Amino acid sequence: MQKTQKRADPKKVVKPVRVGKGNGCSHYKKCGGCHLQNMTYEEQLQYKQVKCINLLKNFGRVKEIIGMQDPMHYRCKVQAAFGRDKTGIISGVYQSSTHKIVPIDSCLIEDKQADEIIVTIRKLLKSFKLKPFDENSMTGFLRHVLVRKGYYTGQVMVVLVTGTPVFPSSRSFINALLQRHPEITTIVQNINNKFTSLVLGEKNITLYGEGYIEDTIFDCTFRISPRSFYQVNPVMTTVLYGKAIEYMELKGTETVIDTYCGTGTIGIIASKNAGRVIGVELNADAVRDAKFNAKRNDIDNIEFYTADASDFMVEMAKSGEKADVVIMDPPRSGSDERFMSSVVTLAPERVVYVSCNPETLARDLRYFTRNGYKVRRIQPVDMFPHTNHVETVALLVRAVSAI
Ligand code: SAH
């Protein structure tokens with residue numbers, strides 16, 4: 001461990017692309033999705049380790065980052081924009097900060113099957129004489145395709161995002177797609193006829209199958225609908241959640257508050273070893289999925305609330321509620337003082353902070369450590385190989401119990 005911390009030096013690890021070694025992606029420069037493709041995977045891990053050490057070392061020892069054994073093709077959620085250039089219909093990703101499509105047939109971090117399905121759809125468009133959507137004239141048919149795969153269940157959902165509800169020859173199109181990809185378990189048409197950068201519109205029409213897929217994490221099953229939030233790297237989600245659960249040190253009687261809970265995944269997994277779990281999340285759709293997921297897993301010691309996490313915690317603190325463990329998994333902007341001061345008032349023994357941004361994590365840890373908490377563990381996890389994102393799980397314990 002100590003060895004890794006000494007060895008990692010960002011100045012030494014940034015190297016130019018090495019064709020045939022490294023990761024060698026031909027779209028690297030135009031796409032802009034993978035910021036660290038110019039490094040080998042080992043170098044990327046060292047780079048992220050150093051970043052975490054630099055930001056977090058004042059709070060304690062940063063454990064060695066947990067990387068992926070196979071860091072390629074890990075994304076189980078793949079999205080492609082459709083358009084046209086002089087060669088004909090193209091599909092791919094938007095060049096960063098633009099709406100210019102970089103044509104991509106296969107990506108080193110995306111699920112291979114998902115990429116193949118997207119290429120098939122592009123070819124079918126031509127044979128069915130369906131047009132890609134044109135954002136300028138707001139005419140045409142197919143805007144985006146979203147493919148989600150249940151890593152452990154193998155279920156595959158295809159979402160065809162269209163600019164109009166009219167889908168000419170939809171039956172034959174679906175049959176042709178299923179014939180080429182029998183692994184597809186559901187196909188949904190999502191209608192997005194607005195002038196917007198958002199991929200998905202409000203309305204879904206199930207064209208084949210159930211309209212959702214399921215996947216499992218540990219022994220819990222979760223429903224993934226077209227609009228549900230669900231982590232994109234299932235292998236590392238298990239690692240990340242596993243650390244969060246380990247740090248909670250649950251014995252079976254605790255009251256746990258899962259804040260910024262999304263579709264309730266962490267809280268539902270934790271509920272099996274807790275007395276009571278309370279989940280809070282701002283997005284009402286996610287809360288609806290969370291409630292469904294709790295039922296799906298026969299869990300009756302969990303309740304979910306749609307609220308701003310800070311407002312909710314202020315109310316909890318005012319009403320004199322007690323909690324043994326608080327889990328927090330805020331967005332990149334981190335949390336705020338209203339939230340954290342309410343946590344301090346609630347005085348849980350342990351706070352487990354799951355962070356997707358070490359900079360805001362450092363800021364928030366400073367608040368906690370100045371207000372009665374000690375940082376006991378800092379564990380970086382590489383959820384997004386080849387990008388510059390890094391997740392970290394930190395364990396804070398109440399200072400009186402930290403002695
Ligand atoms: N813990 C979940 C989700 C983490 S993503 C998981 O692992 O899947 C962060 C979540 O915080 C998102 O679902 C987002 O909708 C939610 N969120 C963002 N701001 C919030 C706020 N002010 N109050 C409550 N939830 C918020």
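Modeller: Helices (H or I, at least four residues) and strands (E, at least two) are DSSP runs, numbered from the N terminus. This is a predicted model, in which local features need pLDDT of at least 70 and side-chain atom pairs count only at pLDDT 80 or more, while totals for chains, interfaces and linings use all residues. Residues are numbered from 1 along each chain as its sequence is written, and side-chain values use heavy atoms, with hydrogens and water left out.

Colleague: Does Asn233 count as buried or exposed?

Modeller: Asn233 has its place in the loop between β9 and α7. Buried means under 20% relative accessible area, exposed over 50%, and partly exposed in between (1.4 Å probe, protein chains only). The relative accessibility of Asn233 is 0%, so Asn233 counts as buried.

Colleague: Which residues does Asn233 touch, not counting those up to four places away in sequence?

Modeller: Contact means heavy atoms within 4.5 Å. With residues up to four places away in sequence set aside, Asn233 touches Met68, Tyr74, Asp382, Met383 and Pro385.

Colleague: Which residue of β9 stands opposite Ile213?

Modeller: Strand β9 (residues 220–224) is mostly covered, with four of its five residues buried. Two strands pair if DSSP finds at least two bridges between them. Strand β8 (residues 213–217) pairs with β9 in the antiparallel sense over five bridges. In β9, the residue opposite Ile213 is Ile224.

Colleague: Which residue takes a positive phi in the hairpin of β8 and β9?

Modeller: Most residues other than glycine have a negative phi, and most peptide bonds are trans. The hairpin of β8 and β9 has two residues between the strands. The residue there with a positive phi, near 50 degrees, is Phe218.

Colleague: Is Lys129 buried or exposed?

Modeller: Lys129 is in the loop between α5 and β4. Its phi is positive, about 55 degrees, although Lys129 is not a glycine. The relative accessible area of Lys129 is 74%, so Lys129 is exposed.

Colleague: What is the relative accessible area of Ser169?

Modeller: Ser169 lies in the loop between β5 and α6. Ser169 is not a glycine either, and has a positive phi of about 55 degrees. Ser169 is partly exposed because its relative accessible area is 45%.

Colleague: What covers the buried residues of α6?

Modeller: In helix α6 (residues 170–180), the buried residues include Phe173, Ile174, Ala176, Leu177 and Leu178. What covers the buried residues of α6 includes α5, β5 (156–162), β6 (184–191) and β7 (203–208).

Colleague: Which elements do the buried residues of α10 pack against?

Modeller: Helix α10 (residues 309–318) is mostly covered, as seven of its 10 residues are buried. Those seven are Ala309, Ser310, Phe312, Met313, Val314, Met316 and Ala317. They pack against β10 (255–259), β11 (276–281), β12 (302–306), β13 (325–328) and α11 (337–346).

Colleague: What is the volume of the largest cavity?

Modeller: On a 1 Å grid over the protein atoms alone, a cavity is a set of points where a 1.4 Å probe fits but cannot get out, and a pocket is an open set with protein on both sides within 12 Å along at least five of seven lines; lining residues have an atom within 4 Å of a point. Grid points are joined across faces, edges and corners, and a volume is the space filled by probe spheres set on the points. The count of cavities of 30 Å³ or more is three. The largest has a volume of about 80 Å³.

Colleague: Which element gives the largest share of the lining of the second largest pocket?

Modeller: About 400 Å³ of space lies in the second largest pocket. Of its 21 lining residues, the closest to the centre are Phe82, Gly83, Arg84, His99 and Ile101. Two or more lining residues come from each of β1 (77–85), β2 (88–94), β3 (101–103) and β4 (142–149). The largest share, four residues, comes from β1.
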